[in-house]
Amino acid sequence: MNRRLVLYRVGQLLVLETFLLLLPLLVSIIYGEHHCIKAFAMTMLIAAVPGLTLSFVLKPKTRVYFAKEGFALVSLAWVLVSLVGALPYFISGEIPNYVDAVFETVSGITTTGATILTDVEKMSHGLLFWRSFTHWIGGMGVLVLMMAILPSNTGRSMHIMRAEMAGPIIGKIVPKIKDTAKILYIIYLCLTVLETGFLLLGGMPLFDSIVYSLGTAGTGGFGIKADSVESYSPYIQWVITVFMLVFSLNFNLYYMLLLRRFRSFITNHELWVFIGIVFIASAVVGVCIYPIYGNVGDAARHAMFQVASISSTTGYSTADFDRWPQLAKGVLFLLMFIGGCAGSTAGGLKVSRVMLLVKQIQKEIKRMLHPRSVSAVKLEGKAVDDDTLRSVSTYFATYILLNALAFILICADGFDFQTNITAAVSCVNNVGPGFGSIGPAFSYSGYSDFSTIVLTFAMLLGRLEIFPLLLAADPRLWLKRNG
């Protein structure tokens with residue numbers, strides 16, 4: 001592996017993080033939060049010194065990525081960005097335990113939205129902005145952002161996008177991967193600004209509008225109120241509902257709309273399966289909770305919001321859904337596993353991967369009934385090759401083992417089964433809240449440092465779809481290649 005190239009890119013990423021920290025620093029300056037100004041300034045210095053050193057001292061002879069470099073860079077970058085991003089919480093003293101600060105940062109950048117904070121409304125504006133901004137940074141991918149804005153003549157950058165972006169099949173929407181990254185981020189930014197505008201029209205204050213738009217865009221769920229979105233108007237709740245679903249769709253589809261390729265958009269199977277799941281789940285949940293609200297409009301709004309929130313793995317809430325009937329909670333629990341569409345900012349297994357698993361099961365049943373028949377698994381009208389099908393099966397098996405392992409490791413803390421199983425599933429799938437003691441009215445603050453570390457790694461493994469981090473732990477990945 002070309003370790004020099006990997007460290008050089010990590011240096012560039014640390015420099016980029018230094019510049020990204022300017023925004024929350026500016027917010028702290030506007031609100032006169034001197035302890036936060038100091039914390040952000042010190043963090044910027046800590047990130048800039050090694051970042052500039054690596055960028056100028058370790059310039060590689062070749063900048064061509066292979067699969068090893070892609071996996072190594074993605075793993076190392078996400079860990080380092082999280083460790084540095086936790087420093088403002090820790091230095092400011094607003095999260096005095098560094099393990100908790102790292103958990104909060106990883107939860108932000110992986111767009112999970114799980115929090116250890118028991119009173120979020122006491123947080124300073126600068127850190128509240130940073131929490132939600134990490135959602136926006138991590139939603140599309142920190143290295144995809146770097147590719148979009150930094151000059152580069154790097155070859156084979158597809159290995160980075162494939163390692164960082166979610167879904168069983170990742171493709172370019174234009175020939176150059178750098179142009180693909182730019183297009184994705186332009187769409188991402190425009191949709192974020194559009195949501196901010198709609199929230200402002202509903203009377204939401206500017207700071208609140210920006211923070212909730214960043215959290216929705218990254219499908220993360222960090223907010224600035226203890227009740228999440230419950231205290232805002234029905235109009236604002238509907239706007240956030242719509243945009244949670246918007247950001248759960250494959251961003252390639254929006255590019256198709258820009259090109260006026262409406263047929264490609266309309267005929268996308270994953271889109272309609274996702275919409276079907278959302279509306280069927282909303283109908284079931286709505287019927288279940290109707291007796292609680294006694295009003296069709298309120299029941300539909302709360303059901304649709306919560307289904308959109310869990311399906312998109314955003315994690316916002318308009319009610320304490322932990323108090324809802326068991327069937328409604330069961331539906332929400334299943335939605336945690338499915339998640340949004342491939343190529344979106346949502347977490348979970350992804351709808352396309354679930355579709356392929358179902359098609360594989362159908363194919364196997366058909367083969368058992370008709371041993372001599374030959375059939376191909378198709379997705380979006382195209383035959384899926386055996387390597388992709390094998391990778392989907394392998395991923396699903398590893399995913400189940402990861403959920404089970406995370407659950408077992410945190411069981412020693414004394415929480416009930418419901419709390420622990422939903423904590424593991426929620427973190428692996430980057431959802432955020434769960435049931436029981438980590439429901440929407442509570443936080444993850446009761447877990448020990450050990451369990452917090454386990455759940456932190458579970459969030460990283462889930463966001464990077466497991467294998468990049470597992471490969472980074474293999475010493476063979478780091479064997480040197482000249483460069």
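User: Buried means under 20% relative accessible area, exposed over 50%, and partly exposed in between (1.4 Å probe, protein chains only). Why is tyrosine 188 called buried?

Analyst: Tyrosine 188 has a relative accessible area of 0%. That is under 20%, so tyrosine 188 is buried. This is a predicted model, in which local features need pLDDT of at least 70, side-chain atom pairs count only at pLDDT 80 or more, and totals for chains, interfaces and linings use all residues. Residues are numbered from 1 along each chain as its sequence is written, and side-chain values use heavy atoms, with hydrogens and water left out.

User: What makes tyrosine 185 and tyrosine 188 an edge-to-face pair?

Analyst: Rings of Phe, Tyr and Trp (its six-membered ring) pair if their centres lie within 6.5 Å; planes under 30 degrees apart count as stacked, over 60 as edge-to-face and the rest as tilted. The structure holds 27 aromatic pairs by this rule. In tyrosine 185 and tyrosine 188, the ring centres are 5.5 Å apart and the planes stand at 75°, so the pair is edge-to-face. The two tyrosines are three residues apart in helix α10 (residues 177-201), which means about one helical turn lies between them. Helices are DSSP runs (H or I, at least four residues), as are strands (E, at least two), numbered from the N terminus. Tyrosine 185 is also buried, at 6% relative accessibility.

User: Why is the pair of tyrosine 212 and tyrosine 316 called tilted?

Analyst: The planes of tyrosine 212 and tyrosine 316 are at 50°, and the ring centres are 5.3 Å apart, so the pair is tilted. Tyrosine 212 belongs to helix α11 and tyrosine 316 to the loop between α16 and α17, so the pair ties together parts 104 residues apart in sequence. Tyrosine 212 is buried at 0% relative accessibility. Tyrosine 316 is buried too, also at 0%.

User: Which residues do ring pairs link into a cluster?

Analyst: Among them are Phe129, Trp130, Phe133, Trp136, Tyr185 and Tyr188. The cluster also includes Phe198, Phe243, Phe247, Phe251 and Tyr254.

User: How do you know that glutamate 104 forms a salt bridge with arginine 131?

Analyst: A salt bridge needs a side-chain nitrogen of Lys or Arg within 4 Å of a carboxyl oxygen of Asp or Glu. The closest N and O atoms of glutamate 104 and arginine 131 are 3.0 Å apart, so the pair qualifies. It links distant parts of the chain, with glutamate 104 in helix α6 (residues 98-109) and arginine 131 in helix α7, 27 residues apart. Glutamate 104 is buried at 0% relative accessibility. Arginine 131 is buried at 2%.

User: How many salt bridges are there by this rule?

Analyst: The count comes to nine. One joins aspartate 119 and lysine 122, at 3.9 Å from N to O. Aspartate 119 is partly exposed at 32%, whereas lysine 122 counts as exposed at 69%. Arginine 390 and aspartate 387 meet at 2.3 Å. Those two are three residues apart in helix α19 (residues 386-410), about one helical turn. Lys350, Arg353 and Glu465 are linked in a network of salt bridges.

User: What reach is expected for helix α3?

Analyst: The expected span is 1.5 Å times one less than the number of residues. Helix α3 (residues 34-57) has 24 residues, and 34 Å is expected. From first C-alpha to last, α3 reaches 34 Å, close to that value. Its buried residues include Cys36, Phe40, Thr43, Ala47 and Gly51. Their cover includes α1 (3-20), α2 (22-30), α4, α5 (87-92) and α7 (125-140).

User: Is valine 84 buried or exposed?

Analyst: Valine 84 has 11% relative accessibility, so it counts as buried. It lies in helix α4 (residues 67-85). Leaving aside neighbours within four places in sequence, valine 84 is in contact (heavy atoms within 4.5 Å) with Leu14, Glu17, Thr43 and Ala47.

User: Where is threonine 219, and is it buried or exposed?

Analyst: Threonine 219 sits in the loop between α11 (206-217) and α12 (234-246). At 0% relative accessible area, it is buried. Its phi is positive, about 45°, although it is not a glycine. Threonine 313 also has a positive phi, about 60°.
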